[in-house]
Amino acid sequence: MFLLAIATLSLGACASEAGKQWYKPGDNYTVTEFTRDRDECTKGRELDEQCMKQRGWVPLTSDREPPTAVKPARPPRGPRY
């Protein structure tokens, strides 16, 4: 359990791209295994996500774009006292 916690924290530093982290659900793995798979799935400077998924890795973050900021509607102005 301790090893899994350390590996999970270490993976944060090994994110394949900004904001994307990977894990293998239901499997104990080491940082060395992650690094090996990441390096083998990297072509040029781009990570092949399908290659990672075929090896059992799942991204922790969503593939969706973050929502755009919407300016809140101004409340109606009432009389000043």
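Modeller: Lys20 is buried, because its relative accessible area is 7%, and the cut-off for buried is under 20%. The model is a predicted one. The side chain of Lys20 forms a salt bridge with that of Glu49, at 3.2 Å from N to O. Lys20 sits in the loop between helix H1 (2-13) and strand S1 (22-23), whereas Glu49 belongs to helix H3 (residues 49-54), so this pair ties together parts that are 29 residues apart in sequence.

A second salt bridge joins the side chains of Asp37 and Arg55, with 3.1 Å from N to O. Asp37 is in helix H2 and Arg55 is in the loop between H3 and S4, so here the parts tied together are 18 residues apart in sequence. Arg55 counts as partly exposed, at 31% relative accessibility.

This pair also belongs to a wider arrangement. Asp37 and Arg55 are linked with Lys24, Arg36 and Glu40 in a network of salt bridges. Over the whole structure, a search finds seven salt bridges.

Helix H2 itself covers residues 31-40, and Phe34, Asp37 and Arg38 are buried in it. Viewed down the axis of H2, the buried residues fall within an arc of 100°, so they line one face of the helix. Arg38 has a salt bridge of its own: its side chain meets that of Asp39, at 3.3 Å from N to O. Asp39 counts as partly exposed, with 45% relative accessibility.

The protein chain has three helices and four strands. Starting at the N terminus, the elements run α-β-α-β-β-α-β. The chain has 81 residues, of which 20% count as buried.

Next comes the end of that order. Val58 has its place in strand S4, and with a relative accessible area of 32% Val58 is partly exposed. Val58 and Trp22 are 36 residues apart in sequence, while their C-alpha atoms are 5.4 Å apart in space. Leu60 lies in the segment after S4 and is partly exposed, with a relative accessible area of 49%. Leu60 and Lys24 are 36 residues apart in sequence and 9.8 Å apart from C-alpha to C-alpha.

The segment after strand S4 (58-59) also holds Arg80. Arg80 is exposed, because its relative accessible area is 72% and exposed means over 50%. Arg80 gathers with Lys71, Arg74 and Arg77 in a patch of positive charge on the surface.

The exposed Arg80 is part of the positive patch.

Notes: Residues are numbered from 1 along each chain as its sequence is written. This is a predicted model: local features need pLDDT of at least 70, side-chain atom pairs count only at pLDDT 80 or more; totals for chains, interfaces and linings use all residues. Side-chain values use heavy atoms; hydrogens and water are left out. Patches are made of residues with over 30% relative accessible area and no salt bridge: like charges are joined within 9 Å, nonpolar side chains (Val, Leu, Ile, Met, Phe, Trp, Tyr) within 5 Å. Accessible areas come from the Shrake-Rupley method with a 1.4 Å probe; for residues, only the protein chains shown count as cover. A salt bridge is a side-chain nitrogen of Lys or Arg within 4 Å of a carboxyl oxygen of Asp or Glu. Lys and Arg count as positive and Asp and Glu as negative; His and the chain ends are not counted. The place of a charge is taken as NZ of Lys, CZ of Arg, CG of Asp or CD of Glu. Helices (H or I, at least four residues) and strands (E, at least two) are DSSP runs, numbered from the N terminus. Buried means under 20% relative accessible area, exposed over 50%, partly exposed in between (1.4 Å probe, protein chains only). The arc is that of the directions from the helix axis to the C-beta atoms.
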